[in-house]
Amino acid sequence: MISFDSSKKIFKLSNSKYSYYFYINPLGYLVHLYSGKKLNELGIERTNERYIERYAFLNEEFKEVCDENYYYSEQGSLFECASFLKSDKRGAFAVIKHTDGSYITSFKYFSHKIVKGKVSSENYPHFKVNNFDKVETLIVTLKDEKEDIFLELYYVMYEKISGLIRFSKLINKTGKTIELDRICSLELDSYNKDFDLVSIHGQWGDDKELELEKVGHSKIVVNDNHGGRGFRQNPTIILKEHNANYDHGEVYMCSLVYSGNFKFEVGLDEYDQLRLQALISDEMFSFTLQNNETFSTPECILIYSSEGINKATQTMHDIVRENLLPNSYALKERPILINSREPFMFDFDTEKIKKLILDAKALNIEQVVLDDGWFGKRNSDNSSLGDLYVNEDKINLKEVIDFAHKNRMKFGLWVEPEMISPDSELFRKHPEYALYDRNTKPTLLRHQLVLDLTNDEVVDCVFKELEKIFSRYDIDYCKWDFNRYLSEIGSLHLGNEKQGEIFHRFMMGSYKLLNKFINRFPNVLLETCASGAGRFDLGMLYYSPQIWGSDETNPFSRVMIQFATNVFYPLSTIGAHVSAANSLTLQDKAIISLFGTYGYELDPDKLSEEEKNKVIEFNGLHKRFHHIVTKGDYYVLSSPYTSNFASWMCVSKDKSEALVFNFNFRREQTKGRFLRVKGLDPNKNYFNSLTNDVYKGDFYMNVGINISAPLKEGMTMLFVLKEVNFIVKNVLNNKANKKKREKLL
Ligand code: DGJ
């Protein structure tokens, strides 16, 4: 997969699907040559030719010397790691304040090695390697032109993935202190192509929406600076050729495995060449590195598809499920849960929760989650974060957990460990544990402050409190919330010199805490959350196999949120629950939720008998079909951004079953509408549960399924396609054959 052609000095990274080439040019710079569909040969001279500008350099005697090389132009060549304050003005890979105070930075090749297996970025969440994975890592070491500052570029290639994982590491060997103000995980320079950028933005209750913009000469910055709870934008993007769509054309999907402040910078240079850089945001990022100290970046995955967005999505879903999520839950069924928040808010007691357990059990729900309000004196959201002891006046936790288990139900608990309420015993005892500037009035978002997790003592203290609860009680699931972002930050622990390190160190503190938790309690199913999906990223998914998708359960919004999330994240990672909120039917909401980790946010006691039967029916459907959603391939059939419909489907890997979803946003003419499905075997026969016919996959994919009749505004449609080994037309479409039909599914 990875080799070095020493005569031409080319690094060749190539698997069966994708190739990535770069070389060491005569001046020692790493020049990018190619990224794309697998390619065997490359004309290095022609690839590099640039008739841009001839450069004159001063030679050692400081006389002007002309550089006649047309194959290199600092201004216009494609690089692996761009310089700073030299002639390349397109965006620096690293910004460093050197020991002489200068910021000029330019790295040249020093050495390299190719190792079997994967090298991961230390202390970060990262992609893992499974038994049968074929993986290699290339590490190229570069040295700054002026000083002993080394940059290591890491390229990880999996045989099974069309794409690469990249990260980098800076090492200070100057003998003195330097300051690091920016460092990228990935840079991708590319020849001129007509690119569009797709990113995600959102807010509370409207957690994710896709946005498409044309990549032009004004730099586009996709970023977040909230320090964690960043609805604003998400650390993942798509770069696609202008004509590419869900099924055709060249697409890159690029995601950072990081949950803190991030940045993607994308733009064209004056020659219409593209530069993409992915990094920890350089806003409020300034690290002091003593001699021998290093700084590593988070991993960044770059996926390439020559067959449109759906293929990139499927590749991303596969690698996240197989190589990132915690192993014990990655491809497993998750229990159907019900959460106490909607029925009771803070107003619950032992008896109410026991009743919820029984009511839920009667509906075949498998897990009850006790949400916010069980600890300290927390009867509203203005106190007690940090006081993680049970409020015995309110609830007998042991009694409800034993009761749940006796009734063969699982039990889950809500926590918000990274926060502290000013009205808490912890704050009164340790005000220095809170992260805020002592000379500025801190904003109390949701009446709370953030804990100073840059301080290991605070991380250990919080972990001990969590450990007490989770080892004393037999808890099966944990909802780990994060309800405010970072503002007016200031760390007493870090001191004056290191305030520029707070955002990143806070994130690393959170990761430390999460690591301790999952290692100590590997069997607890963790679901992270940040006021909904305010921290939904690959970093969090390394620790928690599912993340709450949104507090919004109204189908009109939910469909949009899940549509956007599905493009980048496996459906099994998206917490999707049915609520009682007064909009459309329970059935509509259940159908949408079946395409995520399934559950409820309602009081079963308030359901009608008919609704209860529906809940039982849908729990059965979830059991029957969740494996297609959890492990199958996802396809967008029609996008709500370009039509009145959101339609998608999941197909099992062996193509024997598929689950199809369609949502109609507006009343439309309902005559003659066909839904063409994807991903089936053209030669297999499939029974479809919508029209009860059997046809070949070929027919469903090219002609489609007639969905005209049932279309109404806000109508949600679900149907199954199942492989059968016979052809029957229409015979199943009468009452007498009801049993036969059910058997087929
Ligand atoms: C925000 C979450 O999104 C809700 O589901 C709920 O857990 C509340 N926090 C509790 O404070």
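This is a predicted model: local features need pLDDT of at least 70, side-chain atom pairs count only at pLDDT 80 or more; totals for chains, interfaces and linings use all residues.
**Stop 1: the ligand**

Color the shell by residue class.

Begin with K479: an N or O atom of its side chain is 2.7 Å from an oxygen atom of the ligand. Go on to D481. Here a nitrogen atom of the ligand is 2.7 Å from an N or O atom in the side chain. Then pick W548, where an N or O atom of the side chain is 3.4 Å from an oxygen atom of the ligand. The ligand taken alone exposes 300 Å², and the protein buries 96% of that.

**Stop 2: the barrel**

Hide the side chains and show the cartoon. Look for eight strands that close into a barrel, in the order 23-24-25-28-29-30-31-32. Their pairing is parallel. From one strand to the next, the twist averages 30°.

Zoom in on strand 31 (residues 574–579) and strand 32 (residues 597–601). These two run parallel and are joined by five bridges. Select S579 to see E601 of strand 32 opposite.

**Stop 3**

Six of them form an open sheet in the order 33-34-35-40-37-38, with antiparallel pairing. Which strands stand at the edges? Select strand 33 (633–638) and strand 38 (693–696): each has a single partner strand, so one side of each is left without a neighbour in the sheet. The twist in this sheet averages 25° from one strand to the next.

Inside the order, pick strand 37 (residues 685–688) and strand 40 (residues 716–724). They run antiparallel, joined by four bridges.

**Stop 3: helices across the open sheet**

Select helix 11 (residues 586–593). Helix 11 lies across strand 35 (657–664) and strand 40, running at about 50° to strand 40.

Finish with helix 12 (residues 609–631). Helix 12 lies across strand 33, strand 34 (645–651), strand 35 and strand 40. Relative to strand 35, helix 12 runs at about 95°.

Key
Residues are numbered from 1 along each chain as its sequence is written. Side-chain values use heavy atoms; hydrogens and water are left out. A polar contact is a pair of N or O atoms within 3.5 Å; within protein, one must be able to donate a hydrogen and the other to accept it, and residues adjacent in sequence count only if both atoms are side-chain atoms. Accessible areas come from the Shrake-Rupley method with a 1.4 Å probe; for residues, only the protein chains shown count as cover. Two strands pair if DSSP finds at least two bridges between them. Axes are lines fitted to C-alpha atoms, for helices over the stretch in contact, and angles run from 0 to 180 degrees between N-to-C directions. Contact means heavy atoms within 4.5 Å.
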